[in-house]
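Trainee: I am new to this structure. Please take me through one part of it at close range.

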Amino acid sequence: MAMTKNIYKKVVFSLYTLTVYFPFATCYSCATPDDWLSGSARVQNGIPEQEDDDSAHAHINTRRGEVWPNGIVKYKFHSSLTLRDMFEVKKAFEEFHSKTCVRFVPWKEGERDRDFVSIEVDNKICGISNVCKIGGKQYAKFGGECRTMTTMVHELGHTLCLAHEHQRSDRDDYLNFRNCSEHPRKLRNTRHSSVYDYASQMHYECGFCGGGWATTEDIRKCGPDFSRGLSILDVEVINSLYNCQGCQRHRWVPLSSLTHSDKANMYNFGVTTDGSPLYICRALILRQLTPGIYDEANQACNLTIDFISHNLKDGVELLTIPGGPNAQCSNYQFVNQAEVVPNNFVQVQGGPIFNNPYLSIDVAYAVKPATGEVAIGKALWVENEKRYWDQAEFRIGSETYTSRDYKVLCCTNNRDCMIEQTFYTSKLDL
Ligand SMILES: [Zn+2]
């Protein structure tokens, strides 16, 4: 069925209206760590307290914590876990294993490596975890109503050095705590995406005071109850922090911090009609991270959203693929949207898109048949239907262009090559 622009608009709008009144789920709370809250710190029994200054929570190379070498985290199941708890924890591991290069590996009593995470149940709390690798035995716990995969993904996010999204130093631009008697402190030097991520698994539920209230009215839900696991931006932060390779080596680098080496790695996917190289950028507009073409001369990201073109200079990020598109046993390329293998594509932003948790935005590419001009645009992946939206939206020059005949940026692994080269399979007996 051919869809005109107007029908496309109408269908997108109906998706929005259908899902905008998404019901609030039960509140989610996490006690990690207590002294991140303002006011007096509550003490958790038996849990080592984090030092009460922000530098101890800077997460990277702090006195107390560091990232896990090679992304390998040793764990031990505590006797407090039931089989069902173990099932939930293993689903949490799978969330990291399928989207990042981090690997959770059983710790064996008496092995030389003494650093491991004891995974435990504590029904006095929802969840708590040490932040980063602290050396020796450390904890990731869940309890009560929170003995779920998503709580454990959140706690293990702390284990890997992620901070709460709603404690970012710039969070007051996105949240307010007007109705809250207690609110989490802001932290300095946290590792996070340059874009504020309401969908982060490390975000408390908006509207629940630990997470504050979203400053923009169209953000109805955010945080762990909204998502079913790591957000796309959570995955990007982990893959960058652990220097993941293969199909996880692409990085979106803010224009404001682009280095010479980043510039050399910018993904050049073609040339303009006058011979200038074409690069892929993304920028936030109407709370959607939207892909576009980088205009190097004007240092702007040229993109289109809802059929209106924009040249954005603030908050622009560029796609870099260190090593080039064909390296590290992996191959980044544009693939016809109908032939895409799910999960191989390069995602830009996940739900909620139009407040729909099942939509994500991916990088699309099309050639305008009349002129041969190429364009970068936005493809919508419909996760629950495992297919792309029929039409993708592009910009060519100052015009918007929609096409059913488009490609999406994907990455495929060469499995034989991976088996030889991936560090965790060569070092560990998985
Ligand atoms: Zn937490």
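Mentor: Start with Glu155, which sits in helix α3, residues 149–159. Bear in mind that this is a predicted model. The UniProt annotation "active site", from an unreviewed entry, covers Glu155. Is Glu155 buried or exposed? Its relative accessible area is 0%. Buried means under 20%, so Glu155 is buried.

Now widen the view to the helix around Glu155. How many residues of α3 are buried? The count is 11 of 11, and α3 is mostly covered. The buried residues include Met149, Thr150 and Thr151. His154 and His158 are among them too, as are Leu156 and Gly157. Thr159 is also one of the buried residues of α3.

What covers these buried residues? Several strands take part: β1 (72–77), β2 (103–106), β3 (116–121), β4 (127–129) and β5 (137–142) are included in the cover. Helix α2 is included as well.

Look at that helix next. Two packed helices are described by the angle between their axes and the distance between the axes. Helix α2 spans residues 83–99. The axes of α2 and α3 come within 8 Å. They cross at roughly 55°. The two helices are therefore oblique to each other. The crossing of α2 past α3 is right-handed.

Which residues meet there? From α2 come Glu88, Val89, Lys91, Ala92, Phe93, Glu95 and Phe96. From α3 come Met149, Met152, Val153, Leu156 and Gly157. By class, this contact has eight nonpolar residues, one polar and three charged. An α-helix has 3.6 residues a turn, so residues three or four places apart point the same way. Keep that in mind while you trace the contact in the model.

Then follow the chain out of the helix. Cys161 comes after α3, and its phi is positive, near 95°.

For contrast, visit another place. Thr320 lies in strand β14, residues 317–320. At 1% relative accessibility, Thr320 counts as buried. Leaving out residues up to four places away in sequence, Thr320 touches Arg249, His250, Arg251, Val253, Asp262, Asn265, Met266 and Tyr267.

Finally, step back to the whole protein. It has seven helices and 23 strands. Of its 430 residues, 56% count as buried. Take the contacts with a separation of 6 or more: residues 24 or more positions apart account for 65% of them.

Key: Residues numbered from 1 in each chain as written. Predicted model: local features only at pLDDT ≥ 70, side-chain atom pairs only at ≥ 80, totals over all residues. Heavy atoms only, no water. UniProt positions renumbered as here; feature names shortened; annotations may be inferred. Helix = DSSP H or I, 4+ residues; strand = E, 2+ residues; numbered from the N terminus. Buried < 20%, exposed > 50% of the residue type's maximum accessible area, 1.4 Å probe, protein only. Contact = heavy atoms within 4.5 Å. Axes fitted to C-alpha atoms, helices over the stretch in contact; angles between N-to-C directions. Parallel < 35°, antiparallel > 145°, perpendicular 65-115°, else oblique. Left-handed = near helix turned anticlockwise from the far one by under 90°. Nonpolar A, V, L, I, M, F, W, Y, C, P; charged D, E, K, R; others polar.
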